[in-house]
Amino acid sequence: MNEHFDALETRPPAQREAEHMAALARQVAHAQASSPAFAEILRGVDAAAVNSRAALAQLPVTRKSALLERQRAQVARDAFGGFSALVRGPQMSRIFASPGPIYEPEGAVRDYWRTGRALFAAGFRAGELVHNAFSYHMTPGAFILEAGAHAVGCTVFPAGTGQTEQQLQAVAELRPDAYTGTPSFLRILIEKAAETGADIGSLRKASVGGEACPPSLTAWFAERGVTVYQTYATADLGLVAYETAAREGLVLDEGVIVEIVRPGTGEPVPDGEVGELVVTTLNPGYPLIRFGTGDLSAVLPGACPTGRTAPRIKGWMGRADQTTKVRGMFVHPGQVADVARRFPQVRKARLVVSGEMANDRMCLRVESTEHGEALREAIAHAVRDVTKLRSDVELLAPGSLPNDGKVIEDARSYQ
C-alpha cells in the first residue's frame, strides 16, 4: 500500500526548497497582476527578485485584520477587498462568510484547499464513508474537509453541527469509517453514545480541527477506540500542516511556504524559537503573500519518521494576539467592544475563556453602573448575537477589572 499521498511528500528537501522559491517569484508576480490588493501592497517590488527566504522576509506581512478592513471598505464593489484573483462564474464555485464577517472564495478546482493530503495521512482511504460534522452553514469548514475526503476517494455524510441524537442514529445505521469535525463535538458524540447505548463502534479514525486537541484529549479518544489526527487548515490559506502517524508535530503542506516570525513584526526567528506563523500560499486563486495567521508555533528539527521530508512545526501553541478560538469559532477583541457599546451602563468588559480544551466556557466580565438580571440577560443575548456563541455574564462594580489592556483572557488548560 502506498504510504504517501503523492511523490511531492518525499522530495529531497533541497529540491522542494528550490521549487518553492521558483514558484514564489511567479506567485508574487501573479499576485501583483491579478489581485488589486497585492498590486498595492507589493507596489515597486521586483517579483523576479523574490526568489529566496531572505527576499521574502523583506515583504510586508498582511494580517487577517487587513482582509476585514479592506473588505469593509470595498464591500459594495468587491466583497473580497481586492485579494481574490478569481471572478464569479466557472472559476468560483462558492463564497463563504467567516466571523467578522470575512468573505472567502472557493475556486472550482479539485481539492481546492488541499486537505486530501492530511486525510490520507490520518488513514482515510478510498471507498470509506466519512461523517463530516463541520458546519455547512455559511462558513467553509465542512467544504474544506469534504473536498479532501473526495480527493482521497471517500463518500461523505454531511452531518453538520448539532442534533446529537440524530447524528448518533446516522452513525449507528450508516456505519461510517471516519469522522471530520471539531474534537469537542467528537467528544460529545462519544459521551452521549456511552450514555444512551448508541453503537458508534464503526468510527475508528478522525481528522479534527477548528480548535486545539492536546495530547491528553488525543489519549482520551484512543482509550475509546478512535485514532485522532490534527489538521491545521484555514479558509484563507487551505491546508497549512497536518499530523502523521509519527505523532511528532505537524508536517507542512506542499502548497505553502511557512515562516515563523517574531510576533508583531515580520522578522523571522531562529528555528526552534516560538513565534507567529506567517504563510505564503501558492494557490493562484487566492494568492496571499506573507499572511500572518496570529497563531504561535515553532519549527521542529529533523524530518518526519514517516518518510515525509517537508519541514515540521510543533503545532498550535496559542495566539500572538488576543483573538482566540472558542468551540471552533474565532472571537475577536472588536466583538467584545461591539457588545459593550450596546449598553451605556457598561464601562469595561473582559471575556474570559476557561475550561479544558473541548469543554470551553465563556464568561463576559462587565464593569457596569447598573446591575440586575434583566441587564445580565440582555448582555448575554448580545454576546450570542455578535459571536454566535453562548456566554455567562458577570456584572461587576466599576474598577473591578485589571488595568492591563486585556480584552480577551484565554484561561484554558492546554496540557
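The following exercises, each with a worked solution, concern the predicted model shown above.

Residues are numbered from 1 along each chain as its sequence is written, and side-chain values use heavy atoms, with hydrogens and water left out. In this predicted model, local features need pLDDT of at least 70 and side-chain atom pairs count only at pLDDT 80 or more, while totals for chains, interfaces and linings use all residues.

**Exercise 1. Overall form**

Task: State how many helices and strands the protein has, and decide whether the protein is as compact as a globular protein of its length.

Solution: 
- Step 1. The protein holds 11 helices and 21 strands. These are DSSP runs numbered from the N terminus (helices: H or I, at least four residues; strands: E, at least two).
- Step 2. The radius of gyration, taken over C-alpha atoms, is compared with the globule rule, 2.2 Å times the number of residues to the power 0.38.
- Step 3. The radius is 22 Å, close to the 22 Å that the rule gives for 415 residues, so the protein is as compact as a globular protein of that length.
- Step 4. The C-alpha trace spans about 65 × 55 × 45 Å along the principal axes.

**Exercise 2. Burial and the nonpolar cores**

Task: Find what percentage of the residues is buried, and describe the largest nonpolar core.

Solution: 
- Step 1. Buried means under 20% relative accessible area, exposed over 50%, and partly exposed in between (1.4 Å probe, protein chains only). Of the 415 residues, 53% are buried.
- Step 2. A nonpolar core is a set of buried Ala, Val, Leu, Ile, Met, Phe, Trp, Tyr and Cys residues joined through side-chain atoms within 4.5 Å. The largest such core has 54 residues, and those with the most contacts inside it are Val28, Phe124, Leu288 and Ile289.
- Step 3. Helix α6 (residues 141-152) supplies the largest share of this core, 6 residues.
- Step 4. A second, separate core of 22 residues includes Met362, Val366, Leu375 and Val393.
- Step 5. Contact means heavy atoms within 4.5 Å. Leaving aside neighbours within four places in sequence, Val28 is in contact with Leu42, Val45, Ala47, Val50, Leu59 and Ile289.

In soluble globular proteins, nonpolar side chains tend to be buried together.

**Exercise 3. The setting of His131**

Task: Locate His131 and determine whether His131 is buried or exposed.

Solution: 
- Step 1. His131 belongs to strand β4 (residues 129-132).
- Step 2. The relative accessibility of His131 is 1%, so this residue counts as buried.

**Exercise 4. Backbone geometry**

Task: Describe the peptide bond from Gly100 to Pro101, then give the phi values of Arg114 and Arg175.

Solution: 
- Step 1. Most residues other than glycine have a negative phi, and most peptide bonds are trans.
- Step 2. The bond from Gly100 to Pro101 is cis, with omega near -10°. Pro101 sits in the loop between β2 (92-98) and β3 (102-107).
- Step 3. Arg114, which is not a glycine, has a positive phi near 65°. Arg114 lies in the loop between β3 and α5 (116-121), and is buried, with a relative accessible area of 17%.
- Step 4. Arg175 also has a positive phi, about 60°, although it is not a glycine. Arg175 is found in the loop between α7 (164-174) and β6 (178-181), and is partly exposed, with a relative accessible area of 33%.
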